[in-house]
Structures are given as structure tokens and as C-alpha cells.
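Please examine the sequence and the model displayed below before reading on.

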Amino acid sequence: MQTIDEINFSSTPKSETIHRDFKVLHLLALSRGHIRKVVSEYNNKRHIGDEDSVIHKVVSDLEVLNIHRTPMNCLTILKVSEKYYDDSPVNRTKMLERVLTLLFDSEEIPNYKSKPDVTDCEFVLGYFCEMMIKENKYQFSREEFISTIKKFCIENLIGLEIETVFDILYSNTIIIKRVDQYVFRASYWVYYFAAQRMHHSDSFTDYMFENKRYLAFPEIIEFYTGIDRRRGNALKVLLQDLKDTCDIVHSKVGLPDGMDPYKLARWEPTPESIERMQNLIGENVIKSSLPDSVKDKYADRTYNPIRPYDQSIHQIFHEYSLHVLMQSIKSTSRALRNSDFVDPSVKRDLLNELMRGWEQISKVLLALTPILATEGEAAFEGQNFILHGDFGATLEERANKIIKVIPNNVVRYFKDDLFSNKIGPLLYDQISNESSELKKLELILLLIYERPPNWKAQVHKYIVSIPKNSFYLLKVLTALDLEYQYSYSSPTTLKEIGILIKVCLAKHQYGDSNPNPNRLKMIPNNALPKREVDDEEKVE
């Protein structure tokens, strides 16, 4: 399963004076195409679901858990998915709970040892992870692990063979040895057990929310709210913290509320560009899609194979307000995604504040545009942004292009933290009540990228509501075009995307508010989109 296709490792490693020769080896991450092979073979033996859907699930879970794309990690997720498959990323807490159940139900545990109860293990390991977080110490000896948890068990009248718990964790590489100490191999296990501790300990919950400590650990908030999906107490704290941080960033950026330069932008194409866009739709569009290899490469374009090597527990410097805001948006988005059973008014307030956060990030990028266009990168309040892609040769070209792609980038920064198929009704409610055109556009882009149930009706309604020569209509068309070319979509979905592209083109060309079927037939279908379209420019 090895691959060296476009995998980049640091060419300037930190040098240390060690009087010994070492052979350097790298664990190469599987490309999406290689993951497809694993999923395809597994799916043929034990069918889980639609191949593209399962691949998306595996890739998404690996990324959010920050673990390597190895065959073993893929197989672990597939094994769990056999019995509990859900293509929505709504609740990874339950996924990890099922992984633990698989490990602790293993027949490899000797008969003379009692099988530990998974819930008991989560409870005591939660206490151990609480101690690690408070002491900021994540390495431990076997004796320290056993003595600390044994003492806790005695105080709480819990009967548990701690040695067996340690052995199970070690044999399944949840715990690994580094020199003469042990650590949790993947940081998400610390986050998961700490979230379980928050569920059982009000004092630890208060500790995590004090001074926004949770911002360093968005995963803990995701796992905490995913336990029972009704952590209203957490959402209220997150809401107030997000409001405060938005206010700080707003005061530092200094751009007025409601400022939207996109209202002044227009879609005024030449006859040649109209013809090119018309030719994007063809009769074969509904019948065809790109090869899996092309789509896999496109979907992997933002994957960072180096990130899983970093399993450190991060700290947040709270004086950097923009970085804090982006972390706050991530934590709050994951909490909202997992909060199906919370009071609807709280969910509405939280999504409304999240959209305000998106707007603040958009304003920061607008303010940084001159620096980005001149230098190619810019930093503000602890956050750095870098141009990736061809933004043009002149300063004016680069500035114009940066401004145009800001909404797409803001959506892509946060969509994977917020979206699940179950959140559609809340998004639709927000769209219907949203007064800001910029925020409404970003919500529509989110629908186009993720496509929850009934998304087409919402996007069509938006297209009908905006002017024919507006920037907003052009952004919708561009997003639909890219999704049509590269997304993993069924023939039915491709047909829906194609129809919406036609509606955009017909509206712009003929001026009808809501083009009827006869108008749509007037859009010629004589060419497919070019397969060699460059990646859409993005600001990282």
C-alpha cells in the first residue's frame, strides 16, 4: 500500500548533535485512491454502503481524529462501520465508544482475568486524563498509571483490574512506550476520555470552561456534547464566549457592521465568456462523471499528510484574538452539530453568532487583501494566511481575485466542523431569517458543497431571489460548476446540479426572475466542462 505520489516531507529537519548514524524512515500516508482500494475490497466482502460515501466517511474520520491514513486505521473504522454505519459525521463520540467496545470484548484477554467493563474504564481513564490536562504532563510510567487509577477506584468504591486495563490499551497501541515512559499514541484518546470526565464531574467541566481553556481542545467539546446530544449548559457558555471574542475582533478590525463590498460587484461577462459558461452544460453531463482517480486527486488537494505526526496537546495564547475566534468557531460548531436535543432557541442563537464569526473572518481577509496581494501572505492577531494558486500577474488582478474567493474560503475553513446531514433544517431556518447578503451567500455555498436533504429547493429559491447581474449569482454558478466537475455525486444529484447551473445561466442571459423549462431548453447543451480545470484558488 505504499505510495510516494506528491507526498512532501520537511526538507530541513531540525539538526541535533547525536554521535550515531540513523536511517531515516517515513510512514507514507495512503492517498485517497489507495483508501478506495481498501474500502472496495472490504465492501465486497462485507457490504457497508455506497463506496464513495464510505470513503468519505473513512477519510473524514481519519482527519478529524488526526491519525495516519494507514491500512490498519482504515480497517478499524470499517470494522466499526459494519454494525453502526452512518455516513454523517454528526457523532464521533459514539464511534470511539464502539472502537473501545471492540477492543475490550476481544477474546485475547486471558480467561483467568476478568473482562473490564467499558463504561468503568471510560470513567477512571477520564480521571487520569483530567490529571494530565491540569498538570500539562502527558507522559507517565506504568506504575504511575496503575497507582493513580487504583487510588481513584478505592475512593469511588469501583472494582477494576487496572493492570488488565493497561495491558489492553498497550496491546492495542492506544498507549505506546517512548523511551522509558508511556503516552497515548493519538491525542484524540486524551480528548475522548477527558470529555467523559466532564460528563461525570461538574468541577472539571467548570475548569475547562474557565478562561476559555476548552479553546485549546475543540475535540473535547465535540466529544463532550456528543455523549448525549443535549449539553445545553455547554452551548450557553460557548455562545457568550463567541460573542465576546467577535466583539474584540470587530473592535480591532474596525470595519463597520453590514459592510458588504459584494453588493457593488457585478457579473458582466463578455459574449465569449457567456458562450463558455453555456457550454458547461451538455446532454452528456447528466449521463457522465469524472473518473474516480481524477475525483480522488481533487478531493485530496487540501490533505496534509504531515499533520498526524503532531500528537501534542496544544495550548492557546489568548491575547491573539483572531486565532482565538477561529478556535472558538471550531469548538462551537462541533458542539452545535452534536446538539440535536437542545432547546431550538439556543441552537438558533448559536448559529446566528457563528455566522457573525464567519462575517468577522471575511472582514479580516478583506482588510488584509492589499498585503496578501503584495506579499503573498499576511498575519493578524495570531493567524497567518497564505495565497495558494494563480492569482494573476499584477497587483490589481491579485487583489480582485482575492476579494472574489474570500466567501468560498471562509466556508471551507469551517464547514467540516459545522455540517451534518441532520443540521439542514437549522441552516434553512437561518437562511430564511438572515438579513446579511454576505452571510446568506456563505450559507448557500455551504449547502452547495455539502448538499443536505432538500438542498436543491433552497438553492433554487436563493437564485430566484438575487439580481441577474449580481456577484452572488456568479459565485453560485462557480460553486455549482466546480461541484459538478469534481464532486462524488449520484446521477440524480448531478442532474440537480446541472439544472441549477442552467437556471443561473438562463436568469443572467434572459433576465427572467425564475426561468421556466422553456427558457432552460434555450441554453445549448453541446459541450462538457473541461476536465483539466485548475483547483479553485484558496487562501490558507
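Predicted model: local features only at pLDDT ≥ 70, side-chain atom pairs only at ≥ 80, totals over all residues.

The following paragraphs treat aromatic rings, charges over rings, individual helix residues, a hairpin and loop residues in turn.

Across the whole structure, a search finds 24 aromatic pairs. One of these joins Tyr188 and Trp189, whose ring centres lie 5.1 Å apart. Their planes are at 40 degrees to one another, and the pair is classed as tilted. The class follows because an angle under 30 degrees would count as stacked and one over 60 as edge-to-face. Both residues lie under the 20% limit for burial: Tyr188 is buried at a relative accessible area of 10%, and Trp189 is buried at 4%.

A second pair illustrates another geometry. The ring centres of Phe209 and Tyr214 are 5.4 Å apart, and their planes stand at 65 degrees, so this pair is edge-to-face. Phe209 has 11% relative accessibility and counts as buried. Tyr214 is also buried, with a value of 0%.

Ring pairs also join residues into a cluster, whose members are Phe128, Phe140, Phe145, Phe166, Tyr170, Tyr182, Phe184, Tyr188, Trp189, Tyr192, Phe193 and Phe223. Tyr188 and Trp189, the tilted pair described above, are thus among the residues of this cluster.

The charged end of Arg197 sits over the ring of Phe123, at 6.0 Å from the ring centre. Arg213 places its charged end over the ring of Tyr207, 4.0 Å from the centre of that ring.

Two helix residues may be considered next. Phe104 belongs to helix H4, which spans residues 92-104. Its relative accessible area is 1%, and it is therefore classed as buried. Phe104 and Ile168 are 64 residues apart along the chain, yet their C-alpha atoms are separated by 7.2 Å.

Lys439 lies in helix H19, formed by residues 437-450. Is this lysine buried or exposed? With a relative accessibility of 10%, Lys439 counts as buried. Leaving aside residues up to four places away in sequence, Lys439 touches Met355, Arg356, Glu359 and Glu434.

Strand E3, residues 377-380, pairs with strand E4, residues 383-388, in the antiparallel sense. Four bridges connect these two strands. Phe380 has Gln383 in E4 as its bridge partner. Two residues stand between the strands of this hairpin, and Glu381 takes a positive phi near 50 degrees there.

Asn211 is not a glycine, although its phi is positive at about 55 degrees. This asparagine is placed in the loop between helix H9 (202-209) and helix H10 (218-226). Asn211 is exposed, because its relative accessible area of 61% is over the 50% limit.

Arg229 likewise is not a glycine and has a positive phi, of about 60 degrees. Its position is in the loop between H10 and helix H11 (232-253). Which class of accessibility does Arg229 belong to? Its relative accessible area is 21%, so Arg229 is partly exposed.

Key
Residues numbered from 1 in each chain as written. Heavy atoms only, no water. Buried < 20%, exposed > 50% of the residue type's maximum accessible area, 1.4 Å probe, protein only. Contact = heavy atoms within 4.5 Å. Phe/Tyr/Trp six-rings, centres within 6.5 Å; stacked < 30°, edge-to-face > 60°. Lys NZ or Arg CZ within 6 Å of the ring centre and 35° of its normal. Pairing = 2+ DSSP bridges.
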